[in-house]
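Dear colleague,

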Amino acid sequence: MKNILITGGSRGIGRAAAIQAGRRGWSVGINYAGNEAAAHDTAKAVQAASGKAVVIKGDIAREADVIAMFDAVEKAFGKLDGFVNNAGIAAPNAALADMPLERLKRIFDVNVLGATLCAREAVRRMAKSRGGKGGSIVNISSVAARLGAPNTFVDYAASKGAIDSLTIGLSKEVGPEGIRVNAIRPGVIETEIHASAGMPDRARQIGAGAPLGRAGTAEEVAEAIVWLLDDASSYVSGAILDVSGGR
Ligand code: NAP
């Protein structure tokens with residue numbers, strides 16, 4: 001039995017991870033930003049899979065929301081064992097020269113500031129020296145961090161590069177606190193993020209060029225997430241795992 005929190009746990013990769021955690025009988029905090037119906041639907045799926053679920057609204061780019069989200073999940077289930085730093089956004093294809101300030105601010109506010117605030121809060125709750133139990137943090141990066149995404153979204157790629165660096169540094173910082181920190185770099189995965197960024201066919205188009213010849217599924221990424229949360233990966237920390245079909 002584990003208590004975990006997943007940011008952006010309502011849809012896509014986060015939802016798939018929530019349901020797989022539910023199959024293990026874990027208690028899952030499902031954070032979302034705006035789509036309440038999707039969050040409740042995922043909560044029902046987690047319960048149907050034999051887990052417990054609580055739905056928590058909050059924008060990870062807002063510090064007060066982040067603190068309230070961690071408070072809410074601990075109030076519902078007790079001290080945390082695992083945290084999935086998953087919520088993230090992308091924007092339409094563009095060259096950097098054409099990206100307006102508002103776009104850049106939102107990408108970095110959510111993907112870097114938000115994820116870093118969430119990681120900080122997870123450490124505050126899990127660190128043994130602060131009364132926590134230790135635990136596992138799984139950061140969701142992207143293969144864009146090493147491919148760079150030229151003429152597509154170098155802003156997003158750079159934001160995910162920051163997640164890789166955060167993972168490396170934080171794993172060294174909090175290992176002595178009993179906290180493992182790892183990252184997953186998904187390749188192109190079939191979720192709604194592509195349509196949200198104005199590219200509904202992206203997964204199919206880019207996926208065809210992967211060595212495995214297809215886009216991945218949210219479930220395939222979720223398998224790796226749940227393994228990194230679980231005790232089966234107890235000596236894995238500071239790792240960055242590509243789940244990208246060889247891309
Ligand atoms: P998705 O299907 O678009 O789902 C995004 C989730 O994040 C939703 O639950 C959404 O909640 C939530 N969210 C968005 N902004 C938020 C905010 N500011 N605060 C809290 N929650 C927020 O995305 P996905 O494809 O599953 O992506 C999940 C992660 O994987 C992201 O970090 C993404 O960068 C990364 N990734 C995805 C792919 C891919 O091809 N799909 C590839 C590499 C990496 P609402 O529904 O309420 O908005």
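The notes below take the ligand, then its pocket, then the cavity.

Please keep in mind that this is a predicted model, in which local features need pLDDT of at least 70 and side-chain atom pairs count only at pLDDT 80 or more, while totals for chains, interfaces and linings use all residues. Residues are numbered from 1 along each chain as its sequence is written, and side-chain values use heavy atoms, with hydrogens and water left out.

Around the ligand there are 32 residues, of which Ser-10, Arg-11, Gly-34, Tyr-156 and Thr-191 come nearest; a residue is counted here if one of its heavy atoms lies within 4 Å of the molecule. By class, this shell has 13 nonpolar, 14 polar and five charged residues, where Ala, Val, Leu, Ile, Met, Phe, Trp, Tyr, Cys and Pro count as nonpolar, Asp, Glu, Lys and Arg as charged, and the others, Gly among them, as polar.

On its own the ligand has 910 Å² of accessible area, and the protein covers 94% of it (Shrake-Rupley method, 1.4 Å probe).

The ligand sits in the largest pocket, meaning that more than half of its atoms lie within 2 Å of the pocket's grid points. On a 1 Å grid over the protein atoms alone, a pocket is an open set of points with protein on both sides within 12 Å along at least five of seven lines, a cavity is a set where a 1.4 Å probe fits but cannot get out, and lining residues have an atom within 4 Å of a point. The largest pocket holds about 1000 Å³ of space, and among its 48 lining residues Gly-88, Ile-89, Ala-90, Tyr-156 and Ile-193 are the closest to its centre. This lining divides into 23 nonpolar, 18 polar and seven charged residues.

The structure also holds one cavity of 30 Å³ or more, and the residues lining the largest cavity include Asn-85, Asn-111, Lys-160 and Ile-163.

Best wishes

Definitions and conventions
Grid points are joined across faces, edges and corners, and a volume is the space filled by probe spheres set on the points.
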